[in-house]
Amino acid sequence: MSKYKVLVVDDEAEIRDAIEIYLKNENIKVFKAENGLEALEVLENEDLHLIILDIMMPKMDGIKTTFAIREEKNIPIIMLSAKSEDTDKILGLTVGADDYVTKPFNPMELVARVKSQLRRYTSLGTHAANDDEIHVRGLVLNTTNKTVFVDDEEVRLTPTEYKILELLMKNKGRVFSIEEIYELVWKEPYLNAENTVAVHVRRIREKIEINPKDPKYLKVVWGIGYKIEK
């Protein structure tokens with residue numbers, strides 16, 4: 001993984017240094033920042049592949065930093081927080097994070113999540129040679145350049161949001177359970193991930209539906225899961 005560049009953002013130097021050690025063991029180049037403002041400066045100057053971002057930081061916290069990043073880039077973000085409540089996890093995912101790890105964490109678990117996100121992110125590269133598109137009425141997903149258009153207007157999805165939508169659009173009409181979506185997209189065993197999937201689906205709806213409360217594309221099948229309506 002020598003091609004990968006990861007930014008670690010945390011106001012505690014010990015945590016930054018510890019994460020750096022484990023990522024360097026995976027041959028990942030590590031950049032470090034102690035708050036959101038420093039993180040944005042690094043992002044302007046480096047072509048990063050992933051950001052590990054603490055929520056509670058001085059000057060600019062992780063939530064505000066994620067908002068700022070998502071205005072320009074779809075780079076994967078893994079959030080760190082000392083809080084374990086579901087509301088904090090949902091907040092992090094709602095503002096655009098792709099994954100969430102609670103402190104204290106197992107370093108090897110964090111490394112595994114980083115590698116998983118990097119695999120998904122780089123698999124969405126724009127160097128394919130064809131122009132395959134999936135159409136569902138006004139919704140168009142291009143599997144070559146990984147873009148999504150609704151009524152000829154491009155919508156910006158995070159890598160995880162894109163993978164969920166791609167899975168559903170490639171299987172129009174098929175209902176996927178929350179467990180199936182999680183295991184197929186996250187590539188890890190499902191374990192109490194209802195909120196994680198639900199938050200991402202809600203964010204996709206907010207971006208592709210005219211009225212997210214009355215969706216015409218991404219439908220819920222109560223008690224079963226989700227599907228893209230043909």
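The structure is a predicted model.

Helix H1 covers residues 13-25, and Arg 16 lies in it. With a relative accessible area of 12%, Arg 16 is buried. Leaving aside residues up to four places away in sequence, Arg 16 touches Val 8, Asp 10, Asp 11, Lys 32, Ala 33 and Glu 34. Arg 16 can also be placed relative to Val 30, which is 14 residues away along the chain. The C-alpha atoms of Arg 16 and Val 30 are separated by 9.6 Å.

Glu 20 takes part in two of the salt bridges described here, one with Lys 24 and one with Lys 32. In the bridge with Lys 24, the distance from N to O is 3.2 Å. Why are Lys 24 and Glu 20 separated by about one helical turn? The reason is that Lys 24 and Glu 20 are four residues apart in helix H1. An α-helix has 3.6 residues a turn, so residues three or four places apart point the same way.

The side chains of Glu 20 and Lys 32 meet at 2.8 Å, N to O. This pair links distant parts of the chain, since Glu 20 is in helix H1 and Lys 32 is in strand E2 (residues 29-33), 12 residues apart. Is Glu 20 buried or exposed? Glu 20 has a relative accessible area of 15% and is buried, because buried means under 20%. Lys 32, at 34% relative accessibility, counts as partly exposed. A network of salt bridges links Asp 17, Glu 20, Lys 24 and Lys 32.

**Salt bridges in the structure**

How many salt bridges does the structure hold? The count is 18. The table gives three of them.

| Residue | Partner | Distance, N to O |
|---|---|---|
| Lys 24 | Glu 20 | 3.2 Å |
| Glu 20 | Lys 32 | 2.8 Å |
| Asp 99 | Arg 113 | 2.9 Å |

The side chains of Asp 99 and Arg 113 meet in a salt bridge of 2.9 Å, N to O. This pair also links distant parts of the chain, with Asp 99 in strand E5 (residues 99-102) and Arg 113 in helix H5, 14 residues apart. Asp 99 counts as buried at 7% relative accessibility. Arg 113 counts as buried too, at 15% relative accessibility.

Helix H5 spans residues 107-123 and includes Met 108. Met 108 is partly exposed, with a relative accessible area of 48%. Together with Ile 21 and Tyr 22, Met 108 makes a nonpolar surface patch of about 300 Å².

Ser 116 is also found in helix H5. Its relative accessible area is 7%, so Ser 116 is buried. Where does Ser 116 stand relative to Arg 205? The two residues are 89 residues apart in sequence and 24 Å apart in space, C-alpha to C-alpha.

**Helix H6**

Helix H6 runs over residues 159-170 and has 12 residues. From its first C-alpha to its last, helix H6 reaches 16 Å, close to the 16 Å expected at 1.5 Å a residue. Why is H6 described as largely enclosed by the rest of the structure? Because 10 of its 12 residues are buried. The buried residues of H6 include Pro 159, Thr 160, Glu 161, Tyr 162 and Ile 164. Leu 165, Glu 166, Leu 167, Leu 168 and Met 169 in H6 are buried as well.

Strands of a sheet pair through backbone hydrogen bonds, either parallel or antiparallel. In this structure, an open sheet of three strands has the order E10-E12-E11, with antiparallel pairing. The edge strands are E10 (176-177) and E11, and each of these pairs on one side only.

Strand E11 (residues 218-221) is joined to strand E12 (residues 225-228) by four bridges, and the two strands run antiparallel. Within this pairing, Val 221 has Gly 225 in E12 as its bridge partner. E11 and E12 form a hairpin with three residues between them. In the turn, Gly 223 has a positive phi of about 85°.

On the other pairing, E10 and E12 are joined in the antiparallel sense over two bridges. Here Ser 177 stands opposite Gly 225 in E12. Gly 225 is therefore named in both pairings, with Val 221 and with Ser 177, and two bridges are enough for strands to count as paired.

Notes
Residues numbered from 1 in each chain as written. Predicted model: local features only at pLDDT ≥ 70, side-chain atom pairs only at ≥ 80, totals over all residues. Heavy atoms only, no water. Patch = residues over 30% accessible without salt bridge, like charges linked within 9 Å, V, L, I, M, F, W, Y side chains within 5 Å. Areas by Shrake-Rupley, 256 points an atom, 1.4 Å probe, with all protein chains shown as cover. Salt bridge = Lys/Arg side-chain N within 4 Å of Asp/Glu carboxyl O. Buried < 20%, exposed > 50% of the residue type's maximum accessible area, 1.4 Å probe, protein only. Contact = heavy atoms within 4.5 Å. Expected span 1.5 Å × (residues − 1).
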